[in-house]
Amino acid sequence: MTAPSSFDIASIATIATPFKQKFAIPRQPNLAKAQGVITFGEGFNDINMLKGVEHYSHLWLLFIFHQNLERGWKSTVKAPRLGGNATMGVLASRSTHRPNGIGMSVVVNKGIISRNGQTQLCVEGVDLVDGTPLIDVKPYISYADSVDNAKDKLDDINPIPHRDVFFAPSLSSMLAKIETKHSDFSALVTAVLAQDPRPAYKQHLDNDEKIYRVTLYDIDVGFTIKNAAVCVTELVQLG
């Protein structure tokens with residue numbers, strides 16, 4: 001029997017995250033303890049679908065790179081971990097520009113909640129832009145999914161940066177106000193910016209006067225690089 005050449009896949013849920021734009025999203029899941037709330041859509045808002053999910057500490061999220069679908073895909077992509085100009089085969093990368101636009105992330109299972117009759121699943125360690133559509137949720141099974149001797153040779157060539165992060169003293173009162181609403185804000189900013197989200201070709205610069213901006217939750221964060229550290233210089237409430 002010949003398998004069909006195309007399939008219909010429906011979104012079953014969307015996830016709310018602090019990341020309002022692709023810039024500065026962690027390169028992989030669990031590099032920052034960013035919180036996510038999964039809300040199941042019409043036809044999938046059945047708590048029975050999650051019966052037994054509490055037995056698993058971690059979950060796989062399969063999702064659609066919905067912001068990139070219209071741009072299509074190429075057989076080779078630029079590899080940030082190789083400096084941003086060298087290319088790799090798309091299937092040898094985790095590029096968002098894929099033939100079918102499907103991604104996968106492993107996250108921490110923080111449990112089920114019910115809000116106004118809506119089933120929701122809370123997770124931690126997300127690397128997805130706010131509003132990303134999910135097509136499946138699966139349990140992470142350590143004995144099958146974890147491979148002790150797996151190799152990533154690119155990590156030896158260009159490891160993920162880890163810079164110190166400082167907030168300008170003038171931001172202390174604003175930071176305290178923000179954290180009354182988002183208690184994880186300081187930790188999230190630190191974890192995200194420590195990975196130096198600038199373009200790969202600029203990550204060798206230990207002094208960079210340009211002010212870069214990223215939106216986390218409803219806060220516009222401005223930062224520069226000074227003496228190899230990330231300096232947060234601006235916090236602006238949006239909306």
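Which residue takes a positive phi in the hairpin of S10 and S11? In this hairpin, which has two residues between the strands, Tyr217 takes a positive phi near 55°. The structure is a predicted model, in which local features need pLDDT of at least 70 and side-chain atom pairs count only at pLDDT 80 or more, while totals for chains, interfaces and linings use all residues. Residues are numbered from 1 along each chain as its sequence is written, and side-chain values use heavy atoms, with hydrogens and water left out.

Helices (H or I, at least four residues) and strands (E, at least two) are DSSP runs numbered from the N terminus, and two strands are said to pair if DSSP finds at least two bridges between them. By this rule, strand S10 (residues 208-216) pairs with strand S11 (residues 219-226) in the antiparallel sense over six bridges, and Val221 in S11 is the bridge partner of Val214. Elsewhere, six strands close into a barrel in the order S1-S2-S7-S6-S3-S8, with antiparallel pairing. Neighbouring strands of this sheet are turned against each other by 45° on average, direction ignored, where axes are lines fitted to C-alpha atoms, for helices over the stretch in contact, and angles run from 0 to 180 degrees between N-to-C directions. Strand S1 (residues 13-16) and strand S2 (residues 35-40) run antiparallel and are joined by four bridges, with Val37 in S2 as the bridge partner of Ala16.

A nonpolar core is a set of buried Ala, Val, Leu, Ile, Met, Phe, Trp, Tyr and Cys residues joined through side-chain atoms within 4.5 Å; buried means under 20% relative accessible area, exposed over 50%, and partly exposed in between (1.4 Å probe, protein chains only). The largest such core has 45 residues, and those with the most contacts inside it are Ile38, Leu134, Phe185, Leu193, Val221 and Leu235. Helix H4 (residues 185-193) supplies the largest share of this core, namely five residues. When neighbours within four places in sequence are left aside, Ile38 is in contact (heavy atoms within 4.5 Å) with residues including Ala13, Ile15, Leu61, Leu121, Val123 and Leu134. Another core, of five residues, lies apart from the largest one and has Trp60, Leu62, Ile64 and Val106 among its members.

Side chains of opposite charge can pair when their charged atoms come close. With a salt bridge taken as a side-chain nitrogen of Lys or Arg within 4 Å of a carboxyl oxygen of Asp or Glu, the count comes to nine salt bridges. In one of these, the closest N and O atoms of Lys20 and Asp130 are 3.2 Å apart. Because Lys20 lies in the loop between S1 and S2, and Asp130 in the loop between strand S7 (118-124) and strand S8 (132-139), the pair ties together parts that are 110 residues apart in sequence. Lys20 is partly exposed at 39% relative accessibility, and Asp130 is also partly exposed, at 29%.

Arg163 likewise forms a salt bridge with Asp206, the closest N and O atoms being 3.1 Å apart. This pair links distant parts of the chain, 43 residues apart, with Arg163 in the loop between helix H2 (154-157) and strand S9 (165-167) and Asp206 in the loop between H4 and S10. Arg163 counts as buried at 11% relative accessibility, whereas Asp206 is partly exposed at 37%. Through salt bridges that share partners, Arg163, Asp196, Arg198, Asp206 and Asp208 are joined into one network.
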